[in-house]
Amino acid sequence: MPLKNKIEELKKRKEEVLQGGGEQAVAKQVAMGKLTARERIIALLDEDSFNEYDMFVEHDARDFGMDGKVLHGDGVIIGTGTIFGAPVAIYAQDFTVAGGSLGSMHARKITKIMDYALRMRIPLIGINDSGGARIQEGVNSLAGYGEIFWRNTLSSGIIPQISVILGPCAGGAVYSPALTDFVFVVDKISKMFITGPEVIKSVLGEEISQEDLGGAKVHAQITGNAHFYAESEYECFEQIKKLITYIPWNNTRKARRFEPKEPKVNFNIEDIVPGDPKESYDVRDVIRAIADDSDFFEIQEKWAANIVIGFGRLNGETVGFVANQPLVMAGVLDVDSSDKAARFVRYCNAFNIPLVTLVDLPGYLPGIDQEHAGVIRHGAKLLYAYSEATVPKMTVILRKAYGGGYIAMSSRHLRADFVFAWPSAEIAVMGPEGAANIIFRKEIAEAPDPEAMRRQKVEEYKEKFANPYVAAAKGYIDTVIEPSETRKLLLHALEVSSTKVADRPFKKHGIPPF
Amino acid sequence: MIHPKLDDKNVTAFIPGTIIDVKVKKGQEVKQGDVLVILDAMKMHNRLIAPSAGKVKEVNVKPGDRVSKGALLVSIE
């Protein structure tokens, strides 16, 4: 056969595979408001950058009538491409082929691209849209999931791993996204749960829809399983592309440097934080007043919103911002906010992203439910993460820094490299009211007018301790600065800490309070 | 039953505290993000905002009221 004919045959074979699950299945996918797996990859990656591998892989199942059945690409597409020129490895499950179900060859394609990503030290993106394990392939399906989880764990902290949930992702399948760094969900399309509504109904008699059980909003607002929420697939892809610009290819590199840009003039740092410590404000405006081009890329915006996390740039370099949010629940630390911030701190540390922490919190949230939900061990995660982190750590205390909250929020004692405080900072063991009531209990009780004495003692305490100068006198903070100097000092701190050495004793790994 | 975190009609107290201001009246139209009540708790005047736009169905508190955690303060229809 002449080569020309062989090329024709190749084209024909490719054409065949590109049909996915066929016209009907594709129509069904479209009817569900979803793009096809290939459309998704093309929309996400740079134009013409995608190269597909393992197109001709076939399943090897023989039981339950699988013998002779053709499943194009075995229901998953793998390959490499670029996003804004950054190399990425990608897989996308194809729901039009046997519901994107995971059989052994399907899993082998995924693990192949995972191995490639790790070997080449490039980010991995997984698009999940699958009915789950391919029941006909039995335990081979389970083996496939296990192989994926093992690689997710092996790659964790070495290459960025991104999961995109664009369809069902149920049962064991949920654990691959859960092991990765960032999970993206889209309204009305993403569904994630361990056991679905039918099982819940048969076992517990409880009725709930897929959407209410594990829809995009549930994971973006209640569970914290998702990091980014979008209204459409295209919006989701824009978010992924933006994320890629902030993070490095792997843990031996720095994130790409951008042209430095001054913050926008409409964010005037001196006008944001009210003088009265009881008045709230949106701490994201402070971040925007500090960050290059006032650009702040927030992560987990709607979950545990009492703490704010996300990426921005200082002088063109990516930094991770962690900030208490006085606007939500007074900015307290609790189970979820500690967990959220701790994981982000560990992410930044793993990928050489300096940390900027903005402090203004009344402390940990009191309450029986918090104590019983384990605020001790969850709160400890934040202490652990900050203590462990060796990237440059800059802390700015805006207003309240009381008690355990002061220590936890990247304090000097957890080895912050630079701690700056605004003149409005109040750094003390506890709030004036509480402290005065304890220290002067006797005087207050014995006074002819206890209430007047109490007020007087609170004022005395405020005067003496609700300021940055007691901490400054001990060197716990490096300097008290005017708000308008914040960006300049952070830029300088970043400059002088780029060659930071922070050796720690060797260990296999620590035992963080997971 | 809707999870309280996804409830965009009912505004409750996240912690016990004292109501120091009520910004809306029954029957009033509100936009998403409008301040409904101010709750003094955790050393802060917490602005509790409308989770969605609509007409105020009920206002259960007045300034000076002590409220317990989870108490329904304002509901929107």
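Author: Let's start with contacts in chain A between residues at least 6 apart in sequence: 74% of them join residues at least 24 apart. Keep in mind that this is a predicted model. Chain A has 21 helices and 17 strands, and buried residues account for 48% of its 514 residues. Its C-alpha atoms fill a box of roughly 105 × 55 × 45 Å along the principal axes.

Now for the strand. I'd pick E4 of chain A, residues 124–128, where 5 of the 5 residues are buried, so the strand is largely enclosed by the rest of the structure. In a regular strand, side chains alternate between the two faces of the sheet. Here both faces are covered. On one side you find A:Leu124, A:Gly126 and A:Asn128, and on the other A:Ile125 and A:Ile127, all of them buried.

What lies alongside? One partner is strand E3 of chain A, residues 86–93, which runs parallel to E4(A) and is joined to it by 4 bridges. In that pairing, A:Ile90 stands opposite A:Ile125 of E4(A). To get from E3(A) to E4(A), the chain passes through helix H4 of chain A, residues 104–120, in a right-handed β-α-β crossover.

Another partner is strand E5 of chain A, residues 161–165, also parallel to E4(A), with 5 bridges between them. Here A:Leu124 is the residue opposite A:Gln161 in E5(A). Helix H5 of chain A, residues 139–155, belongs to this part too: E4(A), H5(A) and E5(A) make a right-handed β-α-β unit.

A:Phe84 sits in the loop between strand E2 (76–83) and E3 of chain A, and its phi is near 50 degrees, a positive value in a residue other than glycine. Most residues other than glycine have a negative phi. A:Phe84 is exposed, with 11 other C-beta atoms within 10 Å, and the cut-off for exposed is 12 or fewer.

There's another positive phi to set beside it, at A:Ala330, where the value is near 60 degrees. This residue is in the loop between strand E12 (317–324) and helix H13 (335–350) of chain A. A:Ala330 has 28 C-beta neighbours inside 10 Å, so it counts as buried; 20 or more is what that takes.

Finally, chain A touches chain B. The contact draws 16 residues from chain A and 13 residues from chain B. On the chain A side, helix H9 (residues 216–223) gives the most, with 3 residues. That side of chain A divides into 8 nonpolar, 4 polar and 4 charged residues.

Technical notes:
Residues are numbered from 1 along each chain as its sequence is written. Chains are lettered from A and ligands numbered from 1 in the order in which they are written. This is a predicted model: local features need pLDDT of at least 70, side-chain atom pairs count only at pLDDT 80 or more; totals for chains, interfaces and linings use all residues. Two residues are in contact if their C-beta atoms, placed from the backbone, lie within 7 Å. Helices (H or I, at least four residues) and strands (E, at least two) are DSSP runs, numbered from the N terminus. Ala, Val, Leu, Ile, Met, Phe, Trp, Tyr, Cys and Pro count as nonpolar, Asp, Glu, Lys and Arg as charged, and the others, Gly among them, as polar. Two strands pair if DSSP finds at least two bridges between them. A crossover is right-handed if, with the strands pointing away from the viewer, the path from the first strand over the helix to the second runs clockwise.
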